[in-house]
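Please open the model in your viewer, with the sequence panel beside it, and follow the selections below in the order in which they come.

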Amino acid sequence: MKEAQIKSVALFFFYTFLDKSLALRATAESMHLFERRLKERDPLAPKDPVLVYSTYKIWKKYSKKRSIKSQDFPLNSEGWIMPDGIKMEPWRQFVKDTDPQIYLAVIWSHLLQFNDKDISEGLGVTEGSVRYRVGRGLKILGQIVSPAGAFDAQA
Amino acid sequence: MRKRNLSEFMCIEMLYDYKSGKLDALRQQAVEEGLQNSPRVREELRKLSIGMTYCEKLKMTTVTEPLVDYIMTQPKPTEKAISKFKWNGLPQPVRWAFEAVVVAIAISLFVTQMPELFRGSGKKEDSGFVVKKFDLKPMDSKIDVAKTVAKQPETPKEAAPAPVAGSAPTQASTTPVPAPAPTTAPVQAPVPSVVATAPVVSPIPAPTPAAVAKTEEKTKPAKKGNAYLYRMVLRSDNVDQVTPSVTQLIKSLGGEKAGEVELGWRRKGGSYYHFSLPKANNQAFQDALKKFGQFSIVKSPHPRVMPEDTERFILWIEENKSAKSSAASKTESDENAQPADEPTPSEATPEETSGETDAQ
């Protein structure tokens with residue numbers, strides 16, 4: 001597995017769960033699923049749809065386990081380093097209030113930079129659906145961010 | 001090209017594609033017009049832009065190298081499970097419970113499946129008859145049948161002293177039929193007089209287990225064939241003379257003994273034949289047999305199936321009784337309360353008995 005793929009998966013679960021310990025466990029499991037699925041596919045086929053599929057499967061599994069007590073984070077380092085000048089509260093609210101299908105689409109499309117075709121193939125939906133979800137998610141996120149003043153879009 | 005006019009709703013819905021630059025020129029122009037005309041569309045575009053800018057900043061989040069290394073070195077779930085499962089590390093009650101469950105499953109499987117296996121290899125025949133294992137009980141019935149034979153009026157019992165005759169029937173009956181059970185051997189010993197007066201009988205091979213198995217094999221019928229036999233009773237004035245001639249006749253017509261005993265097995269009161277004959281020679285045999293005396297023939301069904309071109313016969317040549325002897329025999333038979341000409345070959349022969357046993 002490539003380091004870039006691990007980083008993408010780790011970021012995905014960090015953005016979705018906002019829990020480092022849970023994100024770490026989910027990332028490890030998702031990478032095992034990703035490897036298993038890759039063995040079943042054509043090696044020349046694009047891997048991003050498989051990554052979308054794996055992350056979505058494990059996300060569904062862990063989202064049901066959210067009530068489980070989170071373990072202590074096993075690493076001394078932070079694991080995820082946030083950029084300066086950004087607040088996480090709008091994102092936290094966005095994840096909390098929005099339909100998961102919408103915020104997951106925003107993560108894959110705008111945070112992990114997967115193209116719409118790979119996302120739609122991994123989820124088994126049309127590209128139009130993906131674009132609709134992303135657009136709707138960005139508007140919701142912008143509405144959350146703007147009154148809070150977490151980030152000045154005009155700047 | 002005709003100019004497109006988009007509603008406010010359509011403009012709002014197309015804003016993301018407009019911002020991403022995925023709209024064609026006509027739609028892009030229509031959306032721009034909508035942006036100029038509608039403040040609501042402009043507000044929606046502002047939200048979208050803020051959201052996209054926030055995401056641009058958020059995606060700058062980085063993952064540290066230790067985290068990547070940690071994930072790469074994580075064991076697979078199966079490896080994790082195996083490493084956690086240590087048999088010796090389990091508590092003793094858990095191990096006992098596990099062993100008990102395994103043993104219980106094994107026993108239940110054995111109990112439920114093994115009878116099926118035995119049944120599957122059972123000896124159920126195509127004819128619907130189940131060939132059972134030979135047991136010794138039918139041999140007792142042979143002795144009983146032989147008892148009846150011994151009580152016939154023609155038996156040399158008339159010449160034997162009364163006390164011996166009174167106590168001997170059971171003992172005498174055992175003489176011609178060598179029973180396999182050792183218990184009958186001492187019974188034979190105290191009756192030398194009966195044995196001496198009885199006609200010399202060729203020794204009959206006892207139905208050994210091998211013979212029984214052979215009989216069982218024979219009873220496995222072919223699907224096609226003759227499932228019947230002919231029972232014949234020939235009355236003759238002189239059985240001793242007729243017996244060799246009939247034997248010769250059967251052999252000349254291609255007959256072969258079908259049971260364990262020789263053709264023309266001499267018994268008290270007659271001779272016994274159990275043989276198979278080619279079907280084509282049946283009529284010739286019956287015609288030839290008429291020379292030796294009157295006979296009756298009955299075709300009766302039998303579970304043992306013969307090949308298509310072969311038929312099975314049981315022939316009993318019986319002494320033709322004179323009026324005088326029959327009167328005497330009648331007196332004696334009244335005393336014994338047994339019908340004189342009751343014994344039929346089918347009842348008195350080991351082959352028949354075993355055959356009927358097979359048929360059960």
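## A strand and its two partners

In this predicted model, begin with chain B and select strand β5 (residues 270–278) together with β7(B), which run antiparallel and are joined by nine bridges. To find one of these pairings, pick Gly270(B), whose bridge partner in β7(B) is Glu318(B).

Is β7(B) mostly covered or mostly open? Strand β7 of chain B spans residues 310–319, and nine of its 10 residues are buried, which leaves the strand mostly covered.

## Two helices in chain A

Now move to chain A and select helix α1 (residues 3–17) and helix α3 (residues 48–64), whose axes are 11 Å apart and which pack at an angle of about 35 degrees. The crossing of α1(A) and α3(A) is right-handed. Showing side chains brings up the contact, in which residues of α1(A), including Phe12(A) and Phe13(A), meet residues of α3(A), among them Ile58(A) and Trp59(A). By class, this contact has eight nonpolar, five polar and no charged residues.

Finally, stay in α3(A) and centre on Val50(A), which lies in that helix. Val50(A) counts as buried because its relative accessibility is 3%, where the cut-off is under 20%. Beyond its neighbours within four places in sequence, Val50(A) is in contact with Phe34(A), Arg37(A), Leu38(A) and Arg41(A). The C-alpha atom of Glu35(A), 15 residues apart from Val50(A) along the chain, is separated from that of Val50(A) by 9.1 Å.

Technical notes: Residues numbered from 1 in each chain as written. Chains lettered and ligands numbered in written order. Predicted model: local features only at pLDDT ≥ 70, side-chain atom pairs only at ≥ 80, totals over all residues. Heavy atoms only, no water. Buried < 20%, exposed > 50% of the residue type's maximum accessible area, 1.4 Å probe, protein only. Helix = DSSP H or I, 4+ residues; strand = E, 2+ residues; numbered from the N terminus. Pairing = 2+ DSSP bridges. Axes fitted to C-alpha atoms, helices over the stretch in contact; angles between N-to-C directions. Left-handed = near helix turned anticlockwise from the far one by under 90°. Contact = heavy atoms within 4.5 Å. Nonpolar A, V, L, I, M, F, W, Y, C, P; charged D, E, K, R; others polar.
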